[in-house]
Amino acid sequence: MEFNQSHVAPLIDDEFQGQASKRVLSYIQGKRRQGMPVAGLYCVYAPMELIRAAGVVPAGLCSFANKTIPPAEAVLPANLCPLIKSSYGFIVTDSCPFFALADVVIAETTCDGKKKMFELITGYKPLFVMDLPQLPDQEEACRNWTAMIRNLGGFLEKTFERRISEARLEEEIQATNVKNNLMNRLFGYAAATPPVLSWNEAYELGLLAQAASTEDLQPVLEHALETLEQRKVSGVHYGKPRAPRVLVTGCPLGGDSLKAYRIIEEAGGVIVALDACTGMKPFKHFIEEGSGDPLAALAAYYLKIPCSCMTPNQKRLDDLDALIERFRPDAVVDVVLHACHAYNVESYKIMNHLKERHRLPLLKIETDYSNGDVEQIRTRVEALFDSLDR
Ligand code: SF4
Ligand code: SF4
């Protein structure tokens with residue numbers, strides 16, 4: 001039986017059905033009321049374990065709404081990535097509730113646009129910028145990133161007048177491994193044929209998992225696993241059994257840019273893998289436990305994230321190979337946000353790799369947060385599905 005979101009038991013059973021960011025906001029507000037400080041984040045390179053070991057709650061900041069772009073364009077160039085413009089627009093219009101809760105902001109030097117935008121928001125909140133090495137395979141990269149993580153620890157200790165112990169750091173490392181293991185088991189239900197987990201559920205679980213501690217999250221994830229198993233046993237699946245399976249890769253998506261996922265679904269595809277920082281990417285790897293140097297273990301773990309700001313970004317191809325083997329897509333859709341040069345240029349390498357190694361077609365979609373291109377994207381996705389020899 002094909003599942004309809006309104007007829008199956010939800011994976012997270014609370015009052016926030018379909019309102020993932022409200023659920024996360026409510027969670028962070030609850031922590032704030034308990035007296036915990038909050039750190040606003042813009043990127044998955046922020047070392048969560050260190051932040052949590054300092055007793056600070058991480059909060060991803062808003063960056064996915066079209067409505068905050070016009071106010072941002074009063075200052076920023078129009079031909080800049082919508083994610084950066086939207087982030088900045090949220091700050092200048094004071095409309096990001098997570099930023100309002102944040103005591104500090106942690107930012108990384110990933111792409112140029114983001115790095116320069118951070119300069120413009122200095123002064124709103126204490127901002128700690130981490131210099132991210134972009135040649136991750138060089139010997140110095142791990143050493144330099146370890147030093148940056150140590151500096152962040154010093155900043156958090158000084159700002160919040162507390163000490164981060166090595167024992168707490170080790171506990172948080174273990175907690176992340178438990179969380180990533182649970183998330184990977186959940187994603188396994190999307191790998192099933194036909195899939196049992198929808199892209200929307202994978203996306204919502206990922207959003208919550210980035211915000212919540214493992215202690216708070218574990219019962220939620222275990223309940224979700226039980227629900228998915230029940231679906232599987234009773235033959236409930238997502239999408240038509242012979243629907244084209246799609247792996248989506250590229251820039252992080254959320255809010256208004258989720259239109260790309262919706263169009264794929266409306267065209268009859270099932271999204272089985274979300275290869276993005278707002279999807280499965282942050283949960284893919286594990287951190288070395290008991291290494292004796294938890295900061296270096298964290299540095300090595302975070303440098304495995306294959307953001308296109310890295311060069312050469314061989315890890316992205318390696319991770320794609322593993323995803324393709326596990327999720328067995330019929331096609332790959334690469335979603336690139338306008339003016340994101342790094343993901344845009346890298347798309348050519350991805351296309352050739354998929355063609356040569358996997359004989360898989362790639363559809364590149366360049367888009368922004370507006371609705372102006374919805375019908376054009378729909379036509380291209382439908383043409384992709386028509387072209388598949390299934
Ligand atoms: S795509 Fe790169 S810059 Fe953006 S959130 Fe992911 S790691 Fe950070
Ligand atoms: S989508 Fe690209 S340009 Fe935009 S913030 Fe992320 S890496 Fe930078």
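**Exercise 1.** What volume does the second largest cavity have, and which residues line the second largest cavity?

*Solution.* The structure is a predicted model. Step one gives the volume: the second largest cavity has about 40 Å³. Step two gives the lining, which consists of Pro136, Asp137, Leu303, Ile305, Pro306, Met310, Pro312, Asn313, Gln314 and Lys315. Step three sorts that lining by class, with six nonpolar, two polar and two charged residues.

**Exercise 2.** State how many cavities of 30 Å³ or more are counted, and describe the largest cavity by its volume and its lining.

*Solution.* Begin with the count, which is two cavities of 30 Å³ or more. The largest cavity has a volume of about 250 Å³. Its lining comprises 23 residues, and those nearest the centre are Met48, Glu49, Pro282, Tyr301 and Tyr302. Next, assign the lining to elements: helix H2 (48-53), helix H8 (166-191), helix H9 (199-211) and helix H12 (294-302) each give two or more residues to the largest cavity. Of the contributing elements, H8 gives the most, with five residues. Finally, classify the lining of the largest cavity: 12 residues are nonpolar, five are polar and six are charged.

**Exercise 3.** Identify the residues that surround ligand 1 and classify this shell.

*Solution.* First list the surroundings, applying a heavy-atom cut-off of within 4 Å. Ligand 1 is surrounded by Cys43, Val44, Tyr45, Thr110, Lys114, Pro252, Cys277, Cys307 and Tyr343. Then divide the shell by class: seven residues are nonpolar, one is polar and one is charged.

Terms used: Residues are numbered from 1 along each chain as its sequence is written. Chains are lettered from A and ligands numbered from 1 in the order in which they are written. This is a predicted model: local features need pLDDT of at least 70, side-chain atom pairs count only at pLDDT 80 or more; totals for chains, interfaces and linings use all residues. Side-chain values use heavy atoms; hydrogens and water are left out. On a 1 Å grid over the protein atoms alone, a cavity is a set of points where a 1.4 Å probe fits but cannot get out, and a pocket is an open set with protein on both sides within 12 Å along at least five of seven lines; lining residues have an atom within 4 Å of a point. Grid points are joined across faces, edges and corners, and a volume is the space filled by probe spheres set on the points. Helices (H or I, at least four residues) and strands (E, at least two) are DSSP runs, numbered from the N terminus. Ala, Val, Leu, Ile, Met, Phe, Trp, Tyr, Cys and Pro count as nonpolar, Asp, Glu, Lys and Arg as charged, and the others, Gly among them, as polar.
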